[in-house]
Amino acid sequence: MRCSTYTFKIPQVEGGSTVSIKVIWSQKLLYHEGQFSLNVPFSFPAFVNPIGKKISKREKILLNVSSGVGKEILCNSTSHALKELRREVGKMGFLYDAEVLTWSTSDFIFSYNVYSKDLFGGVLLQSPFLRDIDDRQMFCFYLFPGNNQSMKAFRKEVIFIIDISGSMKGDPFESAKNGLLSSIQKLNPEDSFNIIAFNTETFLLSPLMEQATEEAIIKATQWLNDTLTADGGTNILVPLKQAIKLLAETTNSIPVIFLITDGAVEDERDICNFVKGYLTNGGSISLRISTFGIGSYCNHHFLRMLAQIGRGHFDIAYDADSVDFRMQKLFTTASSIILADITVDALEHLESLEMLPSCIPDLSRGSPLIVSGRYSGNFPDSVKISGTLTDMSKFTIDLKARKAKDLPFDRVVARRQIDLLTANAWLSGSKELEQKVAKRSIQTGVPSEYTLMVFAPDS
């Protein structure tokens, strides 16, 4: 996790004064096997406690849970003694209020479940707010994988493309290797894989795809450890074309490219346009591309855009220590697909439609699918979501639309929308999109590439 420290001075504070500080931030809930988890920093260093006489202090946490889902939610665990204040379908309220001698030394942790055996979802609608920069209506549809273990994940053919340029030398390369090998070990024996390492040249583990047997994994481990060293420049397009060629004949499985890099190259827009052109002419199950960035110097907009075009996923690790964990987490999401090639019907009659992401990703067992946007016109009472299951049969579900109350989902989806729009602005070079991102950033209070954060204390 990238850590930032913000400081400011409070001048002329006299003894006995009460200083009140209000901090607002947003963070993503973790999701794993139907469970949502929240971890909020709530541990204070010992030096904030006054020296000498023990003074009683009050800690108070008010927690409101609004899942946005019309199903009962179940509280799983909590780090602090919460008192339940209210319970409704999809909503809960809690309070922690305690007299303490020393401030908390543990973070606030809370987890809950939205239980459903089968795949389920819904559509939320909301009107624009007063002085909204966009007067169109807002929508958000979601799909949850549910807890039905009989829904199998697609068989996979995976090619890992790993950067071995000079900038990867040392800890980044070792961490990337560990994450790659850990990811390979998550494959099933019926899956297949290959590895392409690249700098200014390319190096293939095998000329053909390898079944994910124990012997093949041992072979890959030795090849990574004994054959490869980080050195030279960066050329992404050549190994990407090689991987596409190797996966061209894939049938009844999901072809996945998993790109790992810490660098930036000059032809990144050409790469995105090449992949977009290739996928336009794809087969029944088209190629998936997920991207993983290491450090601050790789082009995050390029990697996010490439993943968006490839209906995949993107993540980044800013330090070598978090590479292994985050890479495995991303690969688990990208490779546990249970519903592919998802489409949305009944929206073609709207006067205007903006959907983010524009290429709808697959639904994975380890992650809910959320698509949001804006529209003009009469939104239908329900929308039909269709996709392809592992046996290549069609799956269809009707999602009812309802008005979202007490759920400002414009803020919930703001970070994701701003990131996606920024990636599109980078690819297109559109000044209009840049202005749109800046205005949305100012409106929602979410920082962006085209805005500056300024602290302005009350006078």
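These are my notebook entries on what I looked up in this structure.

**Entry 1: confidence**

I began by noting that this is a predicted model. I looked up the pLDDT for the chain and found an average of 88, with 96% of the residues scoring at least 70. Where is confidence lowest, and where is it highest? The lowest mean, 80, belongs to helix H7 (residues 409-412), while S11 has the highest, at 96.

**Entry 2: a nonpolar patch**

Next I turned to the surface. I found a nonpolar patch of about 670 Å², made by Phe 8, Ile 10, Val 13, Val 19, Ile 21, Val 23 and Trp 25. Val 23 sits in the segment before strand S1 (30-32). Is Val 23 buried or exposed? Its relative accessible area is 58%, so I put Val 23 down as exposed, because the cut-off for exposed is over 50%.

**Entry 3: the sheet of four strands**

I then followed S1 into its sheet. The sheet is open and has four strands in the order S1-S2-S7-S4, with antiparallel pairing.

S1 and strand S2 (residues 35-40) run antiparallel and are joined by three bridges. I looked up His 32 and found that its bridge partner in S2 is Gln 35.

**Entry 4: a hairpin**

My next stop was strand S5 (residues 83-88) and strand S6 (residues 91-100). They pair in the antiparallel sense, over five bridges. One pair I can point to is Arg 87 with its bridge partner in S6, Met 92. How many residues lie between S5 and S6 in their hairpin? I found two, and Gly 90 in the turn has a positive phi of about 80 degrees.

Seven bridges join strand S8 (residues 120-126) to strand S9 (residues 137-144), and the two run antiparallel. Val 123 stands opposite Phe 141 in S9. A reminder to myself for looking at strands: in a regular strand, side chains alternate between the two faces of the sheet.

**Entry 5: salt bridges**

How many salt bridges does a search of the whole structure find? The count is 18. I looked up several of them.

In one, the side chains of Lys 156 and Asp 191 meet at 3.2 Å, N to O. Lys 156 lies in strand S10 (residues 156-163) and Asp 191 in the loop between H1 and S11, so this pair ties together parts that are 35 residues apart in sequence. Lys 156 is buried, at 6% relative accessible area, and Asp 191 is buried too, at 0%.

Another salt bridge, at 3.4 Å from N to O, joins Lys 177 and Glu 174. They are three residues apart in helix H1, which means about one helical turn separates them. Lys 177 counts as buried at 4% relative accessibility, whereas Glu 174, at 39%, is partly exposed.

I also noted Lys 219 with Glu 210, whose closest N and O atoms are 2.9 Å apart. Here Lys 219 is partly exposed at 36%, while Glu 210 is buried at 17%. Elsewhere, salt bridges with shared partners link Asp 134, Arg 136, Glu 354, Lys 436 and Arg 440 into one network.

**Entry 6: a loop residue**

Where is Gln 185 placed? I found it in the loop between helix H1 (171-184) and strand S11 (192-198). Gln 185 counts as exposed, at 53% relative accessibility. I also looked up its separation from Glu 214: 29 residues in sequence, and 8.5 Å in space from C-alpha to C-alpha.

Notes
Residues are numbered from 1 along each chain as its sequence is written. Side-chain values use heavy atoms; hydrogens and water are left out. Patches are made of residues with over 30% relative accessible area and no salt bridge: like charges are joined within 9 Å, nonpolar side chains (Val, Leu, Ile, Met, Phe, Trp, Tyr) within 5 Å. Accessible areas come from the Shrake-Rupley method with a 1.4 Å probe; for residues, only the protein chains shown count as cover. A salt bridge is a side-chain nitrogen of Lys or Arg within 4 Å of a carboxyl oxygen of Asp or Glu. Buried means under 20% relative accessible area, exposed over 50%, partly exposed in between (1.4 Å probe, protein chains only). Two strands pair if DSSP finds at least two bridges between them. pLDDT is the predictor's confidence in each residue, from 0 to 100.
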